[in-house]
Amino acid sequence: MFGLDKKDTTLLIVVTALVVLAPFILNPFPADSALAQFNAGYPDLMQRFVIFGIFAIGFNLLFGLTGYLSFGHAAFLGVGSYAAVWMFKLLSYNVVPAIVLAVIVAGLFSVLIGYVSLRRSGIYFSILTLAFAQMSYNLAYSVLTPITNGETGLQVYSNDPQILKGDGPDVTHLFGLEMGSAYTLDIGPWSFVFSAGYYFCAIFMLVAFYLAIRIFRSPFGLMLRAVKSNQQRMAYTGLNTRPYTLAAFVISGMYAGLAGGLMAAMDPLAGAERMQWTASGEVVLMTILGGAGTLIGPVLGAGFIKYFENIFSKINDSVLHQWFSFMPDGMEDFMVFIVHPFIGKGWHLTLGILFMLVVIFLPGGLVEGGQRIAAWLRGRGKKPAGGSGDPEHHPKPAPHVAE
Amino acid sequence: MSKSNLTRRGVLKTGAVAGAGVALPTIFTSSASAFTNDPGSASTVKFGFNVPQTGPYADEGMDELRAQELAVEHINGMGDGGMLNTFSSKALDGTGLLGKKVEFVTGDTQTKSDAARASAKSMIEKDGVIMINGGSSSGVAIAVQGLCQDAGIIFMAGLTHSNDTTGKDKKRNGFRHFFNAYMSGAALAPVLAKQYGKDRRAYHLTADYTWGWTQEESIAAATEALGWETVQKERTPFGVGDYSSYITPVLNSGADVLILNHYGRDMINSINQAVQFGLRDKMVNGKQFEIVVPLYSELMAEGAGEAIKGVYGSMNWNWQLTDEGTKAFVKSFGEKYGRPPSNSAQTCYVQTVLYADAVARAGSFNPCAVVEALEGFEFDGLGNGPTLYRADDHQCFKDVLVMKGKENPTNQFDILEIVDITPRAQVEYAPDHPMFAGGDLGECNPGA
């Protein structure tokens, strides 16, 4: 289907199903139960899942395929956001021009940075991109304040021109469909929210995902992978790799710009922090955590990190006391004391520990975890037939990049 | 492995049940409320406390959280009632809010506009809060205030000192109890003129972002009005660790006062380095060289240590005040946490209490009713003396404290002393003052 082989089609269908049914999947607990704390099915977080999914897919096109580790990708996201908010300020709250401009501006910006940075490879490339991104951040924070509104972040004011607005809505919309509008479905104690903004982003995410599959499977993708395995040999055979890496860099930058534009479309404010090096580092973490070089990995990683950031940071001591209230007093306090460092302000710590565990035990990221579970299940099914299945301890075949 | 027996009848049955299940809830879908997160007939109502728990202002955030928790306890009638006993309005009786128990959720702003908005959005969308309070930076406060305006929630700002919060970025649904840069200038300048004379030459080092600029503008205007001359205004990047390249030029500029428009870690670094360069031991133009820090906080003073001895600055409130409200608050805070509250803690406590009181007086959680109850509200007994919530810009007007680093501190909390309590009349300004111009409160938004 769509020029994909069977395996990729299945993957795309699975991802589509997950994305469409996300409001159900992410809200497994009844709204009034103690576990509702872990529900993630509210519009803002779901939007973040798919937006950062796009960002990570794009980053993975560069890092996963060519091996070029960009430490400044957040700059493109930030530039995209600023471009989008400016469209809101100048034209109207319609998201289409905003997103189009966001992608274009991020693309141009990445041509510029890519052209310079890609003259070096390895750590020098990383440092160059990091330097450019930090530079953009600092410019946005202070010098370029007339354009970026500095620390406060760029917002839309009621006295902005908005020449196409007419009597359109005062919130971001797609030809009248408000991004903030949502339909709540209450089934018994459960409540599921279907937000227009989420599905709007989800469509972009699915398209982005599909394009990524096509790029992975194309001759262009193969060329990029060749760059990763041995760039020098390619150069010796008389092939100039730079146009390929630059193209990958720009595509990746445009993905980031799209993510930035969508972020602004969901919430019309662009802050300079979006460009900070920590934001660039975050997308690296997402990709590695999920599984670099795999298709679905970055999306999983993005979801994982955003989940911890938004759910664990909100658990506080009084919530803990509620959880452990069934225990005797001393025991309850003890449990709260033990768990306390890992929640609330300690969400970084929890995430850090999990990240370490994943990197140590699952070097291929969450995707490898999934593969191992699948293999274990299959192995268990087969067990009566042929023991461990590999009595001679053959080395494992290299994982297929799409898995 | 599972084994499934799919029969035509089974599939039809399941399909019918599932279909009915999906169709059923539309009957129960509640009718639209009059405003966002209407608690309706629920037995509880939720506040959202959005404070920095990680990042450079984490300490202030934790202190705010302590105070907010205390405020909720007092509203629910637990503990000793704190400032509710001294508050001039008696609408809160310690039985919760309009018969509902107050609960709260917390979030981490990370002192980043983006993260703060994400956290606030999750509070509104997931937890159903009706009010958000807290924060320790103007950028964050303005970002969250805009969000609350759009969502139809009340925003009770925490520590935010930029003129813009109630100036060009003011919003109908947002309220600020904390003082602002203009007030700092107006309160500090006369004291400085009295202490250091009227013919001083000032050199500004300013954190290069919105708060720093409004701070610099305010202080420069106030001191120039009293006869000081501004030699130079130098902008320093946010978060720079080494200020030596900015401090050396001060020595040769002919200035005899250094004004540090820095906050948090920036201020700790810059003042320490200025002192190490021996600025305070110098004589310039026949006068002792002096350093001024317009905005003080206890936690900053603690971090700066020795360097702040004798340095002047301003504060919104301090635990050493002797009015009844302050005493009651310091007592209940101290008993619970074993330390005196900081001025950011006080502002968050007061904001939470003021919101609850406004709801009680309005008899409704509707944001528009609350806005009406808070606008032009005059009160007393919350630690700052008689205070007015001005309707024109939602800024509180009250006395401002001028502080000085103590020469001989007796313990770790006793590092600042109150030099002067500047009366409210002296720090008031017209709503259309040029430093605050350009904004529009807009209409109150009840959301949904």
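Predicted model: local features only at pLDDT ≥ 70, side-chain atom pairs only at ≥ 80, totals over all residues.
Local features here need pLDDT of at least 70 and side-chain atom pairs count only at pLDDT 80 or more, while totals for chains, interfaces and linings use all residues. Residues are numbered from 1 along each chain as its sequence is written, with chains lettered from A and ligands numbered from 1 in the order in which they are written.

The contact between the chains (C-beta atoms, placed from the backbone, within 7 Å) draws on 32 residues of chain A and 36 residues of chain B. On the side of chain A, helix H3 (43-66), helix H6 (122-143) and strand S4 (182-187) each give two or more residues; helices (H or I, at least four residues) and strands (E, at least two) are DSSP runs, numbered from the N terminus.

Within chain A, helix H4 (residues 74-90) packs against helix H10 (residues 242-266) at about 45 degrees, their axes 7 Å apart. Axes are lines fitted to C-alpha atoms, for helices over the stretch in contact, and angles run from 0 to 180 degrees between N-to-C directions.

Residues 49-69 of chain A are 86% helix and 0% strand, with end C-alpha atoms 22 Å apart. For residues 349-367 of chain A, the figures are 84% helix, 0% strand and 22 Å.

Definitions and conventions. Contact = placed C-beta atoms within 7 Å.
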